[in-house]
Amino acid sequence: MPEKKTIERARQDQREGKAPSTQACEFVREEIEHVKEGKHGVKNPRQAIAIALSKARRAGVAVPPPAPGKAKERTRRQAKRDLEKGKREGPLRKKAA
């Protein structure tokens, strides 16, 4: 689960009308900090970015899945599921009052 400050910064970017990739950047920043702190050991920076994009999609950032040929079919299916989950219940989405 992303930290509250990360969600708030992404929400601020969303309010300002910034691109989804800019909103997702906050999650990437958090994940890179976790790597530096030693919270988990990823093998390379791309792996940390992939984890961050997955978290961003689940949080409600509209980052599209990778294009065919850019990633494995399994990865693209998972990204699509993450995106759908984020649309339904992500913390960046407005809650029905």
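From the N terminus onward, the elements of the protein chain follow the order α-α-α-α, which amounts to four helices and zero strands, where helices (H or I, at least four residues) and strands (E, at least two) are DSSP runs numbered from the N terminus. The radius of gyration of the protein chain is 13 Å, close to the 13 Å that the globule rule gives for 97 residues, so the chain is as compact as a globular protein of that length; the radius is taken over C-alpha atoms, and the rule is 2.2 Å times the number of residues to the power 0.38. This is a predicted model, in which local features need pLDDT of at least 70 and side-chain atom pairs count only at pLDDT 80 or more, while totals for chains, interfaces and linings use all residues. Residues are numbered from 1 along each chain as its sequence is written, and side-chain values use heavy atoms, with hydrogens and water left out.

Along its principal axes, the C-alpha trace of the protein chain spans about 40 × 35 × 20 Å. Of the 97 residues, 31% count as buried, a term that means under 20% relative accessible area, with exposed meaning over 50% and partly exposed in between (1.4 Å probe, protein chains only). The protein chain exposes about 6,800 Å², of which carbon and sulfur atoms supply 53%; accessible areas come from the Shrake-Rupley method with a 1.4 Å probe, and for residues only the protein chains shown count as cover. Among contacts (heavy atoms within 4.5 Å) between residues at least 6 apart in sequence, 49% join residues at least 24 apart. As for charge, the protein chain has 27 positive and 13 negative side chains, and the centres of the two sets lie 5 Å apart. Here Lys and Arg count as positive and Asp and Glu as negative, without His and the chain ends, and each charge is placed at NZ of Lys, CZ of Arg, CG of Asp or CD of Glu.

Helix 3 (residues 45-59) has 15 residues, which at 1.5 Å a residue should span 21 Å, and its end C-alpha atoms are 21 Å apart, which agrees; the expected span is 1.5 Å times one less than the number of residues. The buried residues of helix 3 are Ala 48, Ala 52, Ser 54, Ala 56, Arg 57 and Ala 59, and they pack against helix 2 (20-37) and helix 4 (73-89).

Helix 4 contains Leu 83, which counts as buried because its relative accessibility is 14%. Not counting residues up to four places away in sequence, Leu 83 touches Arg 57, Val 61, Ala 62, Val 63 and Pro 65; the C-alpha atoms of Leu 83 and Val 63, 20 residues apart along the chain, are separated by 7.4 Å. Arg 77 also lies in helix 4, but at 43% relative accessibility this residue counts as partly exposed, and its C-alpha atom is separated by 9.5 Å from that of Pro 66, eleven residues apart along the chain.

Turning to helix 2, Thr 22 is found there and is partly exposed, with a relative accessible area of 31%. The C-alpha atoms of Thr 22 and Ala 67 are separated by 19 Å, the two residues being 45 apart along the chain. In the loop between helix 2 and helix 3 lies Lys 43, which is exposed, with a relative accessible area of 80%. Lys 43 and Glu 16 are 27 residues apart in sequence and 34 Å apart in space, C-alpha to C-alpha.
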